[in-house]
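Biologist: I would like to learn how to read the features of a model. Please take me through one.

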Amino acid sequence: MLKSEELTKKFGGKTAVDHVSMELEKGHIYAMLGPNGSGKTTWMKMAAGLMKPTSGTVSFEGMPVGLESRKHVAYMSTEPYFYSWMTIRDVGQYYEDFFDDFSMEKYRQLLREMELEEEMKTKTLSSGMAAKLKIAVTLARDASVYMLDEPFNGIDLLARDEIRRCIISEAAEDKLLLLSSHLVEEMEAVADRAVFIKYGKLVEVRDLEEMRLTDGVSMADRYREIYGHTEVKQA
Amino acid sequence: MDYNPTIPIWVQVSTMLRRQICAGTLSPGSKLPGGRDLAAEYGINPNTAARVYQELEREGICTTKRGMGTFVTQDENKIKEVRTQMAGDAARAYLAEIHGLGLRTEDAIRMLETAEGGKDAEK
């Protein structure tokens with residue numbers, strides 16, 4: 001569904017994404033893993049059509065990523081989003097104007113599940129609430145691909161369960177979800193496949209249940225093996 | 001939900017459901033949540049949830065009726081068989097633990113009686 005071939009991005013002398021070839025299939029939730037600076041965000045931005053590759057290609061359902069694919073790909077970046085004068089309702093209306101597949105009904109339902117009120121002003125939100133709002137507004141689109149960059153960042157332990165539930169409810173046979181995070185443990189049960197990226201290069205894509213069955217290792221174990229002595233951040 | 005991440009999640013969730021079926025918390029013939037609801041309830045990937053039902057069906061403890069969903073079997077003998085097997089596994093694990101402490105099977109039985117009577121039931 002989402003395929004990158006020899007995808008490369010250089011910033012000056014630094015190669016952020018280095019000849020990454022992989023195909024992500026619908027019907028799965030992928031965890032994209034790697035320490036900060038390993039190229040996850042850059043790969044996602046190119047797949048979302050928000051950044052041009054230096055070389056290589058990325059395609060959605062066989063067509064090069066661009067204006068058309070952006071209608072089907074919902075992307076949540078790590079950067080802050082909203083104008084401070086906006087209420088949560090305004091954020092929804094802003095999105096509704098932008099995206100044909102945005103559903104106000106779904107948005108309201110997600111807000112309820114995340115305990116957010118439409119009247120709240122975005123500037124008064126705590127960082128955790130702002131993080132939940134970003135997820136709600138992204139999942140309220142009826143897209144084929146959802147890419148969430150660091151969805152668990154800034155979200156406390158209890159609210160992470162809500163986020164997980166919302167993400168799981170969004171998964172379907174005809175959809176693809178890609179979540180990047182350095183909070184590996186948060187995604188063990190949610191993801192069924194993991195993409196490991198190191199220094200901009202693809203290490204491997206693994207089926208997690210298969211890996212547990214054959215090797216008896218968790219995603220976090222494999223993460224430690226691949227990234228050596230890099231600390232895995234705990235929740 | 002806390003899972004042991006080194007063991008397949010579907011194995012762990014199917015054990016939880018099997019236990020509820022044996023204990024009668026999920027009664028014979030009762031309808032189980034749909035795959036997506038099971039996934040949301042247990043905080044697991046929907047493909048993992050589907051695998052849970054495949055496994056329980058393969059064992060014959062659940063059946064899926066086309067278009068209607070997944071149900072606990074009505075076959076009480078089947079449930080009894082699974083219960084006996086799970087209890088047997090638990091007993092063998094306990095015995096192995098006791099033997100590992102250098103005690104004998106007779107000790108294990110005596111310990112069980114004591115444990116059931118509570119702390120003060122020391123002979």
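Biologist: How many of the 13 residues of α5(B) are buried?

Modeller: A residue counts as buried if 20 or more other C-beta atoms lie within 10 Å of its own. This is a predicted model, and in α5(B) the count of buried residues is zero, so the helix is hardly covered. Helix α5 of chain B runs over residues 105-117 and reaches 19 Å from its first C-alpha to its last, close to the 18 Å expected at 1.5 Å a residue.

Biologist: Which domains does the assignment give for chain B?

Modeller: Domain 1 covers 9-74 and domain 2 covers 77-121. Taken over C-alpha atoms, the centres of these two domains of chain B are 28 Å apart. Their contact takes seven residues from domain 1 of chain B and five residues from domain 2 of chain B. On the domain 1 side, the classes are four nonpolar, two polar and one charged.

Biologist: Which residues have the most contacts inside the largest nonpolar core?

Modeller: They are A:Y30, A:A136 and A:M147, in a core of 88 residues. Helix α4 of chain A (residues 127-139) contributes the largest share of this core, seven residues. Beyond its neighbours within four places in sequence, A:A136 touches A:Y107, A:L110, A:L111, A:M114 and A:L116.

How values were computed:
Residues numbered from 1 in each chain as written. Chains lettered and ligands numbered in written order. Predicted model: local features only at pLDDT ≥ 70, side-chain atom pairs only at ≥ 80, totals over all residues. Domains from an automatic or database assignment. Contact = placed C-beta atoms within 7 Å. Nonpolar A, V, L, I, M, F, W, Y, C, P; charged D, E, K, R; others polar. Helix = DSSP H or I, 4+ residues; strand = E, 2+ residues; numbered from the N terminus. Expected span 1.5 Å × (residues − 1). Buried ≥ 20, exposed ≤ 12 C-beta atoms within 10 Å, placed from the backbone. Core = buried A, V, L, I, M, F, W, Y, C linked by C-beta atoms within 7 Å.
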